[in-house]
Amino acid sequence: MSRLILATGIPLMLSLLINSLYNFVDSVFVSRVSEEALTALSLASPVQIVVSALGLGNAVGLNAVISRALGEGKQDRVKKAANAAIFLALCSWVLISVLCLLFVRPYFAWQSGGNETISSYGQQYLTVCMLFSFGQMGQWVFDRFVIASGKSNLFLFTLFAASLTNLILDPIFIFGMFGFPRLEALGAAIATVIGQTTGMIAGILINRRWNKEIPFSFTLRPDKSCVAAILKVGVPSTLVQILTSAVNIVMNSILLAFSTTAVAVSGVCAKIQSVVTVGVHGIDNGLIPIVAYNYGANKRSRIDEAIKWTLIYSVAFYGVFFLLLECIPDIVLTIFEASDFMREIGIPALRILAVAYFVSIPNLVFAAALQGLSLGTRSMYLTMTRQAILPVAFALILRMFGSLNLLWLTFVLAEAAGIPLALYLWRKSRNSLEIG
């Protein structure tokens, strides 16, 4: 089981790393344009969470449904689930495009605090990322196909195709190299969507050629039961991410009362978090199909062993980054061309939030295990509590003291308070299942 957790988790880790690097690399390059451009990307981040949530929810749902079908030996259902996931990815892209046309402009008019430069940068960046998000939606699906069939090494090709494309094009479009015009934030968005589309195309080709275990085709009339099964597991994850986005918008509004630099610091910390916690999230996401498979195969002891090793590996993978964030936060901030004022705010923020990331590990593991048992609603309750309800409650109380450092402490308190709930929900769920 210890080897299986790594074999399943490491490819997912790399997948999450690449997806995180899209925004991380964009922010690194854009920080060299101006702090206003960096702030615009920070304000765009909550909306991008919504976009990613639709793709991630579909991916989580199809992973659980296909893995369980494979465990039960139902090959016909595997194909139907794959086709349903592709259909849902298309629906997600259409929904994202409509939301973009309706809400991007008023969103930045509200969140930019009247700064026209920040608003302009943000609208340019987010509009392109949302209207051309079909590549991101498709990549989530085709990556999960090879992972569910146990051929995780194959999707490394899609990852490298996507990431290298984005990394190469970012400086070219942002700064105007090799005869291209200087596009700044708009260039970062163009590089991102081209990279995502490249990854999707690579995923389609690889699955067609080397992943015959999961046949798929495009249809506008997918199997309704498979659509329902995917949504049952995936919608709670999507709703949680959307709620997290709403929390980030609230936090940005609170931080704007201090300064726009505080918003930039929050965005930078979020980008750093997305990279340093990929080990935890990769291992946790890898736990979902393992729990689903062993649930389908009626093997409780292997579920318990999988959770144990997931906890061990999550702590080990994050431990190194935890030490770095605690010991050299000033060096980490230099990646983003931080000003003296930004360093003054950012150094204590990174140290405090590093503790929050560490405390979150048990919550993340048990939330993933609940998803593997197709108990997405209970997983949603846990995540909503620790990522939305408690952070907002603590933030509204602590902001009255007028201290930024107390606001960062909000997330530590929320994660710590979530652990007892995580243990309760898991024990209740495990004991109620009819597993041998």
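These legends describe close-up views of a predicted model. Residues are numbered from 1 along each chain as its sequence is written. Local features need pLDDT of at least 70, side-chain atom pairs count only at pLDDT 80 or more, totals for linings use all residues, and side-chain values use heavy atoms, without hydrogens and water.

View A. The whole structure holds 0 disulfides (pairs of cysteine sulfur atoms within 2.5 Å). The closest cysteine sulfur to that of Cys-226 belongs to Cys-91, 15 Å away, too far for a bond. Cys-226 is buried, at 0% relative accessible area (buried means under 20%, with a 1.4 Å probe and protein chains only). For Cys-269, the closest cysteine sulfur is in Cys-327, 16 Å away, again too far for a bond. Cys-269 is buried too, at 2%.

**View B. The bend in helix 3.** Helix 3 covers residues 75-111 (helices are DSSP runs of H or I, at least four residues, numbered from the N terminus). Helix 3 bends by about 45 degrees at Phe-103 (the angle between axes fitted to the seven residues ending there and the seven starting there). Pro-106 follows within four residues. After helix 3 comes Gly-113, with a positive phi near 65 degrees.

**View C. The lining of the largest pocket.** Lining residues have an atom within 4 Å of a pocket point. There are 16 of them, and Leu-4, Thr-8, Ala-148, Pro-289 and Ile-290 lie nearest the centre. Helix 10 (278-296) is among the helices that each supply at least two lining residues. Its share, 4 residues, is the largest.

Methods. Buried means under 20% relative accessible area, exposed over 50%, partly exposed in between (1.4 Å probe, protein chains only). On a 1 Å grid over the protein atoms alone, a cavity is a set of points where a 1.4 Å probe fits but cannot get out, and a pocket is an open set with protein on both sides within 12 Å along at least five of seven lines; lining residues have an atom within 4 Å of a point.
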